[in-house]
Amino acid sequence: MLPTSFEGRLRLPILVSPMFLVSGPNLVVESCKAGVIGSFPAFNQRTSDGYEQWLKDVRARVGDNGVPWATQYPVHRTNDRLQADFALTIKYQVPILISTIGITREVTDAVHAYGGLVFHDAINVRHAKKALEANVDGIIAVSGGAGGHSGTYNPFAFLGELKPIMGDKTLILAGCMSDGQAVAGAIAAGADLAYVGTRFVNTVESIASEKLKRLVLESDITDVVYTDQVDGIGSSFLRQTLPGDDFREDLAKGGFNISEILEPKRWVDILSAGQGVGAIDDIPTTAELVDRFERGYHRAVARLGAVPLMPRVAAAS
Ligand SMILES: Cc1cc2nc3c(=O)[nH]c(=O)nc-3n(C[C@H](O)[C@H](O)[C@H](O)COP(=O)(O)O)c2cc1C
């Protein structure tokens, strides 16, 4: 279920997901102004000081009574910035922390102590269960075809396995939702919130490079390649930006280290998008895009209500 603190604060059940080199304060603030949850990854600033500047900026512009917003980082020992970024998250009372790779009870307790929430990003049921044991407030079920670090499961199957273990926690579905009808589909299938990334790469407020925005316009589902060969974690990349075989040899030499994700070449030259790219053919403002999501969402709800059903056949006596 949705957290009670969200009551009356969201226009649509959407969290605009954190995206490396895509989400900055303007996208977060415009998402929140449009009535959906905005977010950014702490690593979009190269230092913790930079992260603090963005926290101050977003807090000041969204205000305390607005729509909730979120920041994301890996809660993992190889994240060199973990302690500093976590201290800032508490100092600025970030409404939602999105944890990836790991999560601990100490972290969820500290966030709950100031009234915040923790959503954890999971690609399988085992990781989701571990996060629930650490008392997170929600699980982000990252299904097949999602942009960035992605899962491989079909969303219906994944939701089906998660629903029985969620209790009153929030179930968030991620992957390939490029319009309001898809978001309504996620809610109809049992999710409480939709986690939408790739569609928001192509907005006026996104800080994505012109190259990524152009590739998103030009690409379709056949251009999205799923591989763990770029930074050790299965991710969706645009075929046009993948190099030859050298990087596989580099990767084979060392283990995986989160801080290496900061190494620009992997996410600056090798670009990511989810399988939903094929449905994207423009670069609207965030406000216009959320309006469209709303129209599509209501169209889908009306469509479900209008589906003609067979009259119930009286049970044979
Ligand atoms: C270009 C790009 C960069 C991303 N970077 C991050 C990131 O830094 N941190 C993160 O938690 N997720 C990241 N993601 C994943 C999204 O948060 C989200 O799970 C995904 O976009 C949802 O699927 P969709 O893109 O199909 O809508 C990224 C996704 C994209 C497309």
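Some ground rules. The model is predicted: local features need pLDDT of at least 70, side-chain atom pairs count only at pLDDT 80 or more, and totals for chains, interfaces and linings use all residues. Residues are numbered from 1 along each chain as its sequence is written. Helices (H or I, at least four residues) and strands (E, at least two) are DSSP runs, numbered from the N terminus.

Sheets, then. Eight strands form an open sheet with parallel pairing. The order is S1-S9-S8-S6-S5-S4-S3-S2. Two strands pair if DSSP finds at least two bridges between them. At the edges sit S1 (14–16) and S2 (38–41), each pairing on one side only. On average, neighbouring strands here are turned by 25° against each other, direction ignored.

Look inside that sheet. S4 (residues 96–100) and S5 (residues 117–122) run parallel, joined by four bridges. Leu-97 has Val-118 of S5 as its bridge partner.

There is also an open sheet of three strands, antiparallel, in the order S7-S11-S10. Its edge strands are S7 (148–149) and S10 (224–227), and each pairs on one side only. S7 pairs with S11 (residues 235–238) over two bridges. Gly-148 stands opposite Ser-236 in S11.

For the classes: Ala, Val, Leu, Ile, Met, Phe, Trp, Tyr, Cys and Pro are nonpolar, Asp, Glu, Lys and Arg charged, the others, Gly among them, polar.

Last, a helix pair. The axes of H7 (residues 180–188) and H12 (residues 286–306) come within 6 Å and cross at roughly 50°. Axes are lines fitted to C-alpha atoms, for helices over the stretch in contact, and angles run from 0 to 180 degrees between N-to-C directions. H7 contributes residues including Val-183 and Ala-184 to the contact, and H12 residues including Phe-293 and Tyr-297. Contact means C-beta atoms, placed from the backbone, within 7 Å. The contact residues divide into eight nonpolar, four polar and four charged.

Conventions
Contact = placed C-beta atoms within 7 Å.
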